[in-house]
Amino acid sequence: MRRFISPGRIALLTLVDMYCSEAIRDKDDDFILELIACYVTDTYARPTNQRQRYLARWQRAFLSVDLLGHLHSLRPALQRCFIAFAPPSTDVPLCATLWDDLVARLWLRLTALDDLGPFFEQLAMYIAPTYAELRAHRDLGIEDPPDDLLLLDRRSPVGLMVYQACSEFQQLSFAHRCELWEDFVRYRNPTRTDFKILWPHDFGVDDLLFDAVLTQGQADWGAAGTDAVARVVFDRMLKDAAVSASHDETEKLVTMLIERERIGFRPTPVLRDAADAVIRGATPIPSQATFYRLLNAWRMGDINTAYDQLHRYFDLVSRQGVGAAFGYNVGPMNKGVIQRDFGEHSNDLLSMLDAVHAGREARDYNSLRFALLWLYMYARVLPRHIRPHQLQGLAGEATDGRQVLPYVRDDADAAQFHGHHALATLLEARVAIGDGRPPLFAKTCLHQASRRIVQHGEATLEGQLTSTRMLFWDRMGHGPLAVVHGRVFMRTRHDSVPFDDAVRVASRLALQYAQSGQFAHAKAVLDQLNPEGLTSLKPQGMVRHVLTYVAALQAVRSHRFDEAADLLLRRLPTAGYPSCAPTRVDRQAQGPSQMDPDLAAQVALLHVASLTRRAGDGSDGSDAAASDDANRTGTGILGGPGDDTSGGGSLVAARDALDRFEAAYDKGVGDLHVLLQIALARAALYASAGRGLRAVTLLLHTLQACLRRRYHVLLWETVGAVARLLVAEGEFRAARTLLGLALPRSLETGHAETSALLYQSLADACMGLAGTEAGSSPNTPAAKQAGRMKQHMGRAWWYLGQAQACFDRAGSGRTVAHEITMKRQVILSVAQQVGGIGV
């Protein structure tokens with residue numbers, strides 16, 4: 001295989017010849033140089049808007065593959081430019097374009113195998129000689145290049161391409177030159193029509209099709225002799241139909257495809273097939289080609305092919321030794337990540353531990369730091385799988401963060417590896433948010449990570465930074481600020497980060513929209529994601545899970561409980577919360593189908609809320625058949641056999657589902673916010689079952705925890721639950737005081753349903769105060785008593801209007817419209833009885 005010369009490179013070298021011979025107009029020089037550079041260099045100009053970013057993502061790959069397979073890929077660009085003069089050897093008309101000149105040079109100057117020598121000799125004249133070469137030429141009496149000759153610096157991209165091609169051609173044997181000519185003839189053949197359009201009668205294209213020397217000697221040698229010579233010299237032309245590419249072109253193409261696959265973008269089917277054809281026709285570095293096939297199989301969810309390519313990769317890097325392009329100690333790390341994505345939780349941990357040992361032995365501290373961070377987050381999410389391996393220092397102990405994260409930060413600082421330092425700081429902020437540590441500490445970690453990311457250009461971590469920042473502001477009760485961060489990221493930076501991180505930010509933004517009742521916006525955010533990234537199975541499954549959760553939340557708020565049960569039990573993975581998922585050894589059952597831990601917790605809580613609302617809605621169980629079928633198919637924490645979801649048994653089913661989720665959720669390293677949500681759900685069950693004392697006790701403990709941890713969203717939900725119990729017990733004034741303090745802050749969170757419930761409870765409290773005024777002391781003047789009653793009734797009327805507006809924004813306006821209408825009718829009737837005047 002040739003290192004730098006290919007038929008596509010010969011076309012580019014012909015363009016360079018046209019540029020150096022001044023056959024290109026001055027105003028088109030920059031354009032032609034940019035055109036050649038976009039095929040030669042590994043980078044391109046940074047796009048300035050979203051449209052350019054979308055087009056430039058696969059620009060290098062499309063250009064490389066298209067030029068390697070089709071010479072016509074240069075036609076659209078060259079037809080816009082006209083030649084400066086007509087070369088006398090080609091007789092091209094003055095109105096011809098650069099494409100016409102290129103076709104003429106390829107057909108008329110390269111007519112036979114012997115013409116390749118003068119072609120590369122002419123190109124070698126355009127390379128600027130070094131000082132040593134000039135002195136050697138002067139000693140030999142060779143004249144210096146003329147001053148008007150345009151020379152290329154061999155250190156420039158174009159000059160380097162010309163120098164490498166000329167040097168390699170001088171070293172090619174006769175057999176390799178014959179192979180190059182065969183590939184070039186086959187590559188040039190599709191432009192026969194363009195050549196006939198230029199010279200329909202002057203030149204016989206059939207005479208120039210194969211080799212002009214053989215055509216001219218056919219009369220002397222005879223047809224049989226000519227065929228015999230052609231078969232001996234050019235025997236590969238009719239047998240080999242692969243795309244011819246040089247080693248340099250193939251290596252750059254595979255490296256670029258690997259980089260794109262690493263950040264989550266799979267190439268389109270057309271580009272993937274073309275790249276496979278190039279790889280089959282070339283001999284690239286085996287480890288790179290194997291690693292590309294490994295990433296491609298991993299992204300599309302083909303576990304058998306992924307493992308096959310992974311073992312081949314291990315064999316290759318073990319033979320190449322430590323100096324391989326991908327070190328051996330990185331292999332177990334990639335294996336652990338793949339096994340984690342496919343749910344093999346017993347093997348992924350062992351693979352990552354092997355990566356830790358290999359990193360220590362090879363003194364590869366970069367991979368060692370990454371493996372430690374991966375193990376730390378693995379212990380936070382899946383502690384039950386790490387405890388049997390006696391790694392309690394990572395699973396649930398209070399000192400785990402103080403040991404792992406500071407070590408990684410200090411070691412990254414010593415090695416000047418700022419990406420791992422920023423990643424460790426982001427993980428520390430995420431853990432601090434989940435553990436309920438002071439908000440100032442988490443905010444400080446986010447600021448430090450953001451400063452390092454900006455200062456040292458770690459753009460790949462911007463997605464994780466934005467996701468953690470959105471989570472922080474949502475927990476602190478500033479949902480609109482989290483939405484602002486997500487929208488800014490999706491408009492400006494989502495193309496610069498790994499696609500998995502972009503999907504994670506889009507998912508959090510969609511969940512924020514769904515909590516505020518903007519379900520159309522939530523779906524639109526996920527629909528705007530790049531479809532090229534969604535060809536990978538893991539982001540595709542994540543987006544599908546979020547869309548299903550959004551649809552289920554909308555169904556629950558609209559009291560379509562059977563539809564919500566179908567979405568939650570049938571269309572989402574039913575293996576339970578990830579920390580309690582059983583270990584599987586059969587590969588057929590594996591796949592990146594497990595939900596994100598945070599989303600899985602929200603799905604389980606939504607299922608409990610759906611069952612609780614079904615009981616409060618008074619469903620008569622008319623759709624009991626569908627519900628029983630859903631319960632029979634549900635397993636894990638969402639449902640089980642025998643759950644009755646009719647109106648009478650929904651509370652029991654909700655309690656069982658909540659008990660299963662609480663038992664599955666690991667409290668040792670669990671998210672405190674989720675634990676408080678579990679407590680709120682259990683208090684709601686107690687309140688619905690008429691056990692007010694137990695509900696109040698649990699709510700007061702939850703209220704104290706929310707106050708200490710500054711979880712404002714849960715704080716206002718807890719205040720609303722306490723206020724409803726106070727209203728039920730007749731403590732209307734205390735409920736009004738609590739709700740008056742909570743409502744302004746609740747409106748800042750952006751959770752429309754929470755604000756609606758607070759408004760509704762405040763209206764009930766005002767109506768209760770009006771009733772208290774009616775039964776007050778008889779010594780109170782009637783006019784004063786009537787005035788107070790009408791004042792409370794007027795406030796209750798206004799609060800009911802605000803509650804209706806918030807319910808409409810949350811998507812549950814129709815379900816409470818009848819209840820609010822009945823309350824307003826009561827207010828009107830009482831107001832007319834008191835003063836004869838409507839409110």
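Q: How far apart are N and O where the side chains of Arg409 and Glu428 meet?
A: They come to 2.4 Å, N to O, in a salt bridge. Keep in mind that this is a predicted model, so every value here is computed from predicted coordinates.

Q: Which helices do Arg409 and Glu428 lie in?
A: Arg409 is in helix α22 (residues 400–415) and Glu428 is in helix α23 (residues 418–435), so the pair ties together parts that are 19 residues apart in sequence.

Q: And is Arg409 buried or exposed?
A: Arg409 counts as buried, at 17% relative accessibility. Glu428 is buried too, with a relative accessible area of 15%. The cut-off for buried is under 20%.

Q: Which residues do salt bridges with shared partners join into one network?
A: That network holds Arg430, Arg475, Arg508, Asp598 and Asp671.

Q: How many salt bridges does the count come to?
A: The count comes to 32 salt bridges.

Q: What does Arg299 pair with in a salt bridge?
A: Its side chain meets that of Asp500, at 3.6 Å from N to O. Arg299 lies in helix α16 (residues 286–300) and Asp500 in helix α27 (residues 499–515), so this pair ties together parts that are 201 residues apart in sequence.

Q: Is Arg299 buried or exposed?
A: Buried, with a relative accessible area of 9%. Asp500 is buried as well, at 15%.

Q: Which ring does the charged end of Arg299 sit over?
A: The ring of Trp298, with the charged end 5.1 Å from the ring centre.

Q: Which ring face does Arg188 lie over?
A: That would be Trp107, where Arg188 is 4.2 Å from the ring centre.

Q: One more charged pair, then. What does Asp28 form a salt bridge with?
A: With Arg25, and the closest N and O atoms are 3.4 Å apart. Asp28 is buried, having a relative accessible area of 8%, whereas Arg25 counts as partly exposed at 26%.

Q: OK, switching to aromatics. How many aromatic pairs does the count come to?
A: It comes to 9 aromatic pairs. One of them is Phe472 with Trp473: the ring centres are 5.1 Å apart and the planes are at 65°, so the pair is edge-to-face. The angle cut-off for that label is over 60 degrees.

Q: Are Phe472 and Trp473 buried or exposed?
A: Both are buried.

Q: What about the rings of Phe661 and Tyr665, how far apart are their centres?
A: 5.7 Å, with the planes at 55°, so that pair is tilted. Phe661 is buried with a relative accessible area of 0%, and Tyr665 is buried at 5%.

Q: Which rings do ring pairs link into a cluster?
A: Phe119, Phe120 and Phe169.

Q: And which residues does Cys166 touch, not counting those up to four places away in sequence?
A: Phe120, Leu123 and Ala124.

Q: Where does Cys166 sit?
A: In helix α9 (residues 157–171). Cys166 is buried, with a relative accessible area of 5%.

Q: How far is Cys166 from Ala124, in sequence and in space?
A: They are 42 residues apart in sequence and 6.3 Å apart in space, C-alpha to C-alpha.

Q: What does the accessible surface of the whole protein chain come to?
A: About 37,900 Å², and 54% of that belongs to carbon and sulfur atoms. Buried residues make up 51% of the 839 residues in the chain.

How values were computed. Residues numbered from 1 in each chain as written. Predicted model: local features only at pLDDT ≥ 70, side-chain atom pairs only at ≥ 80, totals over all residues. Heavy atoms only, no water. Buried < 20%, exposed > 50% of the residue type's maximum accessible area, 1.4 Å probe, protein only. Areas by Shrake-Rupley, 256 points an atom, 1.4 Å probe, with all protein chains shown as cover. Phe/Tyr/Trp six-rings, centres within 6.5 Å; stacked < 30°, edge-to-face > 60°. Lys NZ or Arg CZ within 6 Å of the ring centre and 35° of its normal. Helix = DSSP H or I, 4+ residues; strand = E, 2+ residues; numbered from the N terminus. Contact = heavy atoms within 4.5 Å. Salt bridge = Lys/Arg side-chain N within 4 Å of Asp/Glu carboxyl O.
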